[in-house]
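Welcome, and please take a moment to look over the sequence and the model.

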Amino acid sequence: MPTVKIAFDLPLNRLFDYEAPQATEDDIGRRVLAPFGTGEKTGVIMGVGHPPEVPSHQLRAISTLWRDLPPLSHDDLRLLRFCSDYYHHPLGAVVLNALPPALRKKTPWSPPRRRKPLPEVPVEAAPALNSAQQEAIDAVLSRVGHFDAYLLFGITGSGKTEVYLQLIRALVSQGFQALILTPEINLTPQLEMRFRQRLHGVPLVCMHSALGEKERAVRWLAAQNGEAAVVLGTRSTVFCPMPKLGLIVVDEEHDTSYKQQEGLRYSARDVALVRAQQRQVPILLGTATPALETWWNAESGKYRLLTLPQRAIAGATLPRMQLIEFPGGGASREISGPVTEAIRQRLERHEQSLIFINRRGFAPVLFCSQCHWLSGCPHCAAKMVVHLRAKQLRCHHCGGTQPIPDRCPDCGNTHLDLLGAGTQKVEEELRQDFPEAHILRLDRDTLSRQDAWRDTLASIQSGEVDILIGTQLLAKGHDFPNITLVAALGVDGALYASDFRSGERLFSQMVQVGGRAGRGLQSGEVLIQTAFPQHPLFAALRVQDYPRFAELALAERQLTMFPPFTYLAMLRAASENTLQLEHFMAQAAGAARRLADGVEIYDPVPATLARVAGKVRWQLLVQSTHRQSLQAFLKAWQPYLQAMVPSRVQWTIDVDPTEL
Ligand code: ADP
Ligand code: ZN
Ligand code: ZN
């Protein structure tokens, strides 16, 4: 009697044996319905005919084997197996979550009866390429059918998208499929439109989370059966089956939204690289501000660097970036005189201003506004973070603690400030200063919900809004010709944050702001308010010199032993029971120290956001100079964690974490 091994979406890293009289090797990757406990579950066949792990009299038979759709291919399963191994996440959960929700149901697939017709789009002709673009395209085309990673490095408007488009055209005409990943959902419709205009007659599907379940499955199936020559989509599209894959493009490869922060904590960029390697296809990573890991790989020759040095449209210039020195912290106002004045001028000229408040990726550190002392950790290169509740400074890197000093250790100033706190008052100040102005606040919700975004877009474009305030940037790629001023506030927290990546993020955000402001009007101006105008990051930023920034930042990373010179993983745990949690973390650290071989184990520390939804969160960092050692350690560590976890603690391992 043939038996099969089935993957289910469970928090257990194992497969389950069943009897399946009808199953053959060709059914590997197919969906089944099988009895599980007292009910039934949908699963995927991972193997046929292997000896079962349970005695044969205990084997149950599957209920249904669905053969209505093609199975996941060996290539698809190979990628999912890699993800399960590398990210230490149960294989079943990885496999089932790679299916569109409509195919995870306990019912057979039924296609929708009617679908919305595609919008008519005008045909657009391709511009003649400049020589840098042509070189980039030739380089990739000469390596079709081989794995090579390319970094396409060029500022906004340098013609990267044009390179993607012409490469895709060439490959599609050779019968290949192309996978294009894009970070942001609100950017997708616009990119889709541009692709449709330029790739007339090429079947293209666009995948993102805002689609209805049926529609999503229809598009996924079109990719799987090879009908869709181009698949364009956000993060999870990296798993979309594509039998004739010939090219992968990751646009804005540095974007943090490629990292999933729950469940399978994968980086879509990294998974795309693995996929390209497994499938032996070229992959193109495009950006104006590469992730430092990517830049390092290009510098060390692992990736090939392709540079687009200029803006593609003649005459387009970069906006002016200016630093406004503002002591911050102790000052009673959040907005400096020059910034207020610049906004006033825009109001008089009926132009728009964008106030960007940087609030991401850092916890407050202690700062003396008189002598610029910062609460550095005496044991390592990180800054210590203020924990007001515990009246302590804590290092989130090594776990060291100190009481909060009542005066500056260097100059004796008794008024110490929290760097990175306090931008809450900005909106209030603006409303007081400009009571007549129409002020609009953008939040995460506005930027991620398509309908809310459309309304916002309309009110910006009609000129109804005078001042926009946001903690995130406006979507890239949109033209707002009437925004002539961008003021960035609260950036200092990122210069000296406990998270080693925050400087890199700040640089890329500021370049992005600049890219935007320069698109429409030539008179675009970017003002950056800071207490540290001498900081080397700004010297590189003012001239938008990424390589210079990268050189500085890499030297620092090397000195402090952070990625890309080391590899990290983070044990994250949460519970509403603090005692259980602390006990678990201490035990986890103990086990880790016994197992560690070529791996450094830090002390458990409370997470930057120490309390979320009533749960306390702790984390523990492990680090190694070798990826293999880290992986071997994580594999050995997991059974211990599983064995000692108390009932009320949830934990997960975050490999290559992007938020510390
Ligand atoms: P990026 O993706 O780097 O931001 P795009 O590919 O969107 O740049 O190009 C920016 C603008 O320049 C677009 O309007 C595009 O149509 C135009 N463009 C790109 N390449 C050329 C070219 N070789 N000649 C003329 N215009 C170009
Ligand atoms: Zn001081
Ligand atoms: Zn430390």
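A polar contact is a pair of N or O atoms within 3.5 Å; within protein, one must be able to donate a hydrogen and the other to accept it, and residues adjacent in sequence count only if both atoms are side-chain atoms. With that in hand, you can look at ligand 1, where a backbone N or O atom of Glu162 lies 3.0 Å from an oxygen atom of the ligand.

Before going on, a word on the ground rules. This is a predicted model, in which local features need pLDDT of at least 70 and side-chain atom pairs count only at pLDDT 80 or more, while totals for chains, interfaces and linings use all residues. Residues are numbered from 1 along each chain as its sequence is written, chains are lettered from A and ligands numbered from 1 in the order in which they are written, and side-chain values use heavy atoms, with hydrogens and water left out.

Let us stay with ligand 1. An oxygen atom of this ligand is 3.3 Å from a polar backbone atom of Ser158, and a polar side-chain atom of Arg194 lies 2.7 Å from an oxygen atom of the ligand. Taken alone, ligand 1 exposes 550 Å², and the protein buries 76% of that; these accessible areas come from the Shrake-Rupley method with a 1.4 Å probe, and for residues only the protein chains shown count as cover.

Which residues are the closest to ligand 1? They are Ala128, Gln133, Gly157, Thr161 and Arg194, out of 17 residues that surround the ligand (a residue is near a molecule or strand if one of its heavy atoms lies within 4 Å of it). By class, this shell has six nonpolar, seven polar and four charged residues. Here Ala, Val, Leu, Ile, Met, Phe, Trp, Tyr, Cys and Pro count as nonpolar, Asp, Glu, Lys and Arg as charged, and the others, Gly among them, as polar. Helix H4, residues 160–173, gives the most to the shell, with three residues. Helices (H or I, at least four residues) and strands (E, at least two) are DSSP runs, numbered from the N terminus.

Now move along to the zinc ion, which is ligand 2. Its donors are the SG atoms of Cys368, Cys371, Cys408 and Cys411, at 2.2 to 2.4 Å. Donors are N, O and S atoms within 2.8 Å of the metal (3.2 Å for Na, K and Ca); water is not among the atoms, so sites may look incomplete. In sequence, the donor residues follow the spacing C-x2-C-x36-C-x2-C.

Why is the arrangement around the zinc ion tetrahedral? The four donor atoms subtend angles of 104 to 115°, and therefore the arrangement is tetrahedral. Four donors count as tetrahedral if all angles lie between 85 and 135 degrees; four count as square planar and six as octahedral if opposite donors are over 155 degrees apart and all others between 65 and 115; anything else is irregular.

Cys408 counts as buried because its relative accessibility is 3%, while Cys411 counts as partly exposed at 38%. Buried means under 20% relative accessible area, exposed over 50%, and partly exposed in between (1.4 Å probe, protein chains only). Gly412 sits in the loop between strand E19 (401–403) and strand E20 (416–419), and is partly exposed at 29% relative accessibility. Gly412 and Cys368 are 44 residues apart in sequence, with their C-alpha atoms 9.4 Å apart in space.

Next come some backbone details. Most residues other than glycine have a negative phi, and most peptide bonds are trans. His88 has a positive phi of about 55° although it is not a glycine; this residue is in the loop between helix H1 (74–87) and helix H2 (91–97) and is buried, with a relative accessible area of 11%. Gln544 also has a positive phi, of about 50°, and is buried at 13%. A cis peptide bond joins Pro563 and Pro564, with omega about 10°, and Pro564 lies in the loop between helix H16 (546–560) and strand E25 (567–575).

Finish at strand E28, residues 615–624, where you will find Trp618. Ser624 lies in strand E28 too, and a polar atom of its side chain is 2.8 Å from the backbone oxygen of Gly598.
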